[in-house]
Amino acid sequence: MATARLDRFVRENFQQLRCNKYVKSQESEERICGCNRDERWHADCGVPVTPLPSREGAAADGPLQWDSAACCLRLPTNAHGRIKFRGFGRLRSANCPKFIRIQSTGIDMEALWALLTDKDKWALPYPDFVLSVNGGAGNFLGFSRKFSEKLKAAVLNITAGVRKVWIFTHGFNVGVAGQFGQVLEQASFVGSDVSNIFLIGISTWGNIYNNQMLEDDENYSKGGATLPGEHMRRYDYEKGELDKDSSLKRLDKNHTHFIMVDDGSEGCSGREIQLRTELEKFVVTKMRTIGARSGRPCIPPVVQLCVEGGKFTLLTAAQAAQEGTPVIAVRGSGRAADQLVWADEVRRLPAASRPSEAEVRAQIKHLIGEFVNTSGPMERRALEKALFRFAYESAEAFPMDLLTVFDPIEDTDLSRSVLYLVFRHPDFKDDTMTQVVLAMSWDRADIAESEIFSAISESQLRELNMNRLFIKALMYQQKGFIELFMDYGVSAVNVLNRERMERLYLKFITQGTQQSERLLARLIQTRDNMESCKCSGGAQKPHKFSMSCGIEEKEILLLIGRIIKTLTNDVLDNIYTEAYLTDNPSADPTKDLYPPRKRDGSRKFNLQDLFIWAILCHNMELAVLFWKNGKNQISTALIGRLLLQHMAEDADSNDEMELKSVFEADSQRFEELALGVLAKCYERNRDITKAVLIRELPMWNSQTPLAIAEGSQCLDFMHHSSVQDLLTMIWMGGMVTNTATWRIITCLFLPFLTPFLIFKTHRKFNYMHIHEWCKQERSKLNQSTVSLDNQEKARLINVLEDVQVVDKSAVNTREYLETIMVDEVVESLEVSLKTRQQMRMESLYQKRQGFMNLSFLSCLQLFFMSPLVKCILNCLSTLMFLSMLSYIVLVELGQRCDPSKPLHWTEWFIFMWVLQFMAEEVRQFSHFRSLTTKLNGMSYWDKFDLLLCSLFITCVVMRLFFPRLCDWVQCVYAVTLALFFLRFMQFYYVHHTLGPKVLMIIEMFSDVVFFVAILVVIMLAFGVASLSLRDESQKLSGAMIKNMITIPYWQMYGELSLEDIEKEVDNNSVRYVVTLIMLGIYMLGTNVLLLNLLIAMFGNTFDRMQTSSFKYWSYIRHDFIKEYYYRPWLPPPVIFIIHIMRLSQLVYYKVLRRHCCKAEPRPRKSDDFAMRLDLTYHLRLQAFEKQVTDSYMKEFCVLHPHPEQE
């Protein structure tokens, strides 16, 4: 049905022309008609052949010159459909180019437009740009290789950024059309997207070689038929040999569409010029009408490009300029194009040096002389007039802005020349919106900034719908325009919503790129996993699915949230959840910091959401842009590093090594950005930097930058001085960092000496009298700030109260928070007041920094709550435990194997010690958010502790319930004792020299595993063979299996057992000789080869770890200090007291108070590893971090002019 409707539409609106009047050509001496056919053809077609009438009788007898309108018969067209090029290219019917034969005059442009754009016909999309290529139809033999390559690069440049472009050519496989076809073919071969570039050949029907194969009658006479399942008929287009003097030319196989203009002639060129010009003009007029009706802001520009060419190129350029179409002449391409270049140069000469009209006309006659042999008098006059109108300023001259020159040798940026030419065109000169959209079509933000936004007024800027343009730039990931719009005030918060974020992801996953397909596969897998977890009972409502493999648009963000949760090992499990995406009008944006919401309660999306989108799309330029202009730059960069690191691990699991290296390089880049900003912050203000490191970020699941860096194993970040200084301060607790170790140990055994330790002066508050102190300060403040307004006065008073929310044990957090809050009030008062109130505030600030006496209990609290003292207490407790366990294994265990004897009290002490040790391990394990995070967060020592606990449970069970297995009990006890001794090396982590050495031992253990895997094979090879030669009569037994392993193992260390070999094997036998030879080879291989291999592996590991050992130690030091910071200060075996107290608090707040009293759960307080802030102080730290980031990026851009390309 569709084919029948198309056939009927074509035959009703398009025609073919056939000559039915013989008029002898005046330009040829032969007896041929003006249609370029001889008398015989006319006679065979029944056309009367009469002599040429005289000029006097021309009006009565017939036309003096041949004209298609008067001398041709109009019939319905008989050629349209698809062309199959036999033997090369476009073998599938869907890829075969479409074509039609139409009349040259009297055509209905509306019908032609409908044929081009209607969905049931050719279905071409509306163009963003129309390029009319005009040039020679012969081979460019005069082009140098360099010029040809430059020209091809310019062609790719002009089509690279445009989304939908129509390119008009003459359609033949030679000349400029053939060059364009080859360029697009090569671009498609290398993977470039050319699907939105439509190469339309507009050629003369009579110039097409073998055009009879395209006619219906000719095809059907050869048995052609409609192929099943196709909407159009397809024809075979055969290749053939052409005469050198023939004017016929073959079509180009790389064109997508052909419009064949028929004027009734044969072998005549240039008959399509008039229709081509009318079509170019009609495209602009039609698109202007469509834009006015649909609100589409852009009118596609039509630009003509002249490359080489002859007389028809000049005539076409003049015709285009007459209709207002800009013309670009390519310098150095030769012939007509160079003549246009000459005309432009003459036109732009200063008035003083400009030649006269006579000189210009004389030069034009000389240039046109090369066309004398192929042109008649009328054509020569038309050529001279056309070139004169380009070259000389007169009343009939073309506007100067319609012609520009492009030199591909000096510059291959053809798109810039096109845009500059279009911007000067009258249709686009005052249309700012269209200019911006055109610049976006080529992705030329540089031109938009320099030519449009630099000269735009504020009123014109307000008239632009920049929010809509910003979304459009996001859809096509145009980094330059996104940055440009953000610089001119576009806010992502005002533009983004849930629907638009979903459209961004949907647009990306339907692009068909490698990364989009990978993300789409993840979405489908995540959706399937979610559906498999749902209950299968009950009927499910039908969903409205999108085009993306059944993924509903409304569920995309939920799936993205699950993907982020998986990539971060549950670190970020709150990004996109159903509760956080649903509107909540009752939420208070000033208190509920996450999810961010607008005043109406809807979810607010910001640059952090775009940053995650850019990371998942793997667009690093956009990710860096959103990172730079967003908030919390340090933590955001670390999140990007974490996501890319896990993406690299996924690529590694899929054996995509090249992609893995790309992800790893990008993740390292974000770590460098985070480290650079951190270093700049530390240089600016050390105290504020430490506060930045430990503040909780609601956007990132209340994670701190320090925790994110530790989770993503950022060694360089954790090694930075700011992090290590912070850890040292936390490690020392309230004491100064240079406190001697002997002083601490002395106070540990003599606690009454703790007040003599030097504590930090800004910590020396008397917590026993803090309320009295605050009351005194309030009264002084009321007396000294009588001139302050109520708002500033209230803020000033609240400073003293807000700090008290922080846990008293979090001494570092109290300092940072106090500094931030007081600094903010001081700065706000410095702006408004220059009186004694400001001096009072500064003195108050200095007084809070000053010395205040500590009570004895406060000193004890600060001393014993420090991680350093906790570590020393646990170390002493562990030494006591190892001593008693050693005593039990060496002395008591052998004496008390008798079931009748009771257990010694030391064993019960050991049982209680290990039980409390296990309880503490369970408490640490319970702090993780989910089971996945718990398992992934287990370190080597956590796994080692799990093994120890398992072995000790075995010891207890065997000791209590199987006392008769005394030997087994002693063995298990001995192994457990040995492992507990090894565990003591964990305390070496605190030392900067011993800690790295422990890490080296752990790393070398993996080398031992690989060595043993090789050694076992060699040992079995020698052991089995050697044992078979030594004793041929033995039977299979446990001793034989033991000898196969033990004998070669001890021989490797020098226990050769040669006497046993001589006893078992006759010295004169062959078996004896072979056994010794094998033993020699085995000793050579193990002692020389394998042991040296192991030494080399150890040496390599040592060298690798030695270069970065301090970084590794800095990284693990964080876990060690954090563990002892949260560990109860009492060591085993009295740690159970703290456990009972904490368990009681947990039961009270989570069970009794919540269910009985209907109260809220106990809020989490700030501590030295996680500082909770309200919105005001978050904004202050964000401003500080943003200011430092801008300073860092300026310095970075000076050292790296193009940071996006690094």
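## Aromatic pairs and a buried strand

Author: In this predicted model, ring pairs join Trp731, Phe984, Phe987, Tyr988, Phe1120 and Tyr1124 into a cluster. The charged end of Arg1127 also sits over the ring of one of these residues, Tyr1124.

Reader: What makes the charged end of Arg1127 count as sitting over the ring of Tyr1124?

Author: The charged end of Arg1127 is 4.8 Å from the centre of the Tyr1124 ring, and the limit on that distance is 6 Å, with a further condition that the charge lie within 35 degrees of the ring normal. The charged end of Lys249 likewise sits over the ring of Phe172, at 5.9 Å from its centre.

Reader: How many aromatic pairs does the structure hold, and why is the pair of Phe917 and Phe980 called edge-to-face?

Author: The structure holds 32 aromatic pairs. In the pair formed by Phe917 and Phe980, the ring centres are 6.3 Å apart and the planes stand at 65°; rings pair if their centres lie within 6.5 Å, and planes over 60 degrees apart count as edge-to-face, so this pair is edge-to-face.

Reader: What makes this a link between distant parts of the chain?

Author: Phe917 belongs to helix α40 (residues 905–925) and Phe980 to helix α43 (residues 966–983), and the two residues are 63 residues apart.

Reader: How do you know whether Phe917 and Phe980 are buried or exposed?

Author: Residues under 20% relative accessible area are called buried. Phe917 has a relative accessibility of 6% and therefore counts as buried, and Phe980, at 3%, counts as buried because its value also falls under that cut-off.

Reader: Why is strand β7 described as largely enclosed by the rest of the structure?

Author: Strand β7 covers residues 197–204, and eight of its eight residues are buried, so the strand is largely enclosed by the rest of the structure. Both faces are covered, with Ile197, Leu199, Gly201 and Ser203 buried on one side and Phe198, Ile200, Ile202 and Thr204 buried on the other.

Reader: How do you know that β7 pairs with strand β6 and with strand β9?

Author: At least two bridges are needed for two strands to pair. Strand β6 (residues 165–169) and β7 have five bridges in the parallel sense, and β7 and strand β9 (residues 257–262) also have five, again parallel. Gly201 of β7 takes part in both pairings, as it is the bridge partner of Thr169 and has Phe258 as its bridge partner in β9.

Reader: What is the average pLDDT of the protein, and over which residues is the pLDDT below 50?

Author: The average pLDDT is 77, and 79% of the residues score at least 70. The stretches below 50 include residues 783–788, which have 14 contacts in the model beyond near neighbours in sequence, and residues 825–853, which have 52 such contacts.

Terms used:
Residues numbered from 1 in each chain as written. Predicted model: local features only at pLDDT ≥ 70, side-chain atom pairs only at ≥ 80, totals over all residues. Heavy atoms only, no water. Phe/Tyr/Trp six-rings, centres within 6.5 Å; stacked < 30°, edge-to-face > 60°. Helix = DSSP H or I, 4+ residues; strand = E, 2+ residues; numbered from the N terminus. Buried < 20%, exposed > 50% of the residue type's maximum accessible area, 1.4 Å probe, protein only. pLDDT = per-residue confidence, 0-100. Contact = heavy atoms within 4.5 Å.
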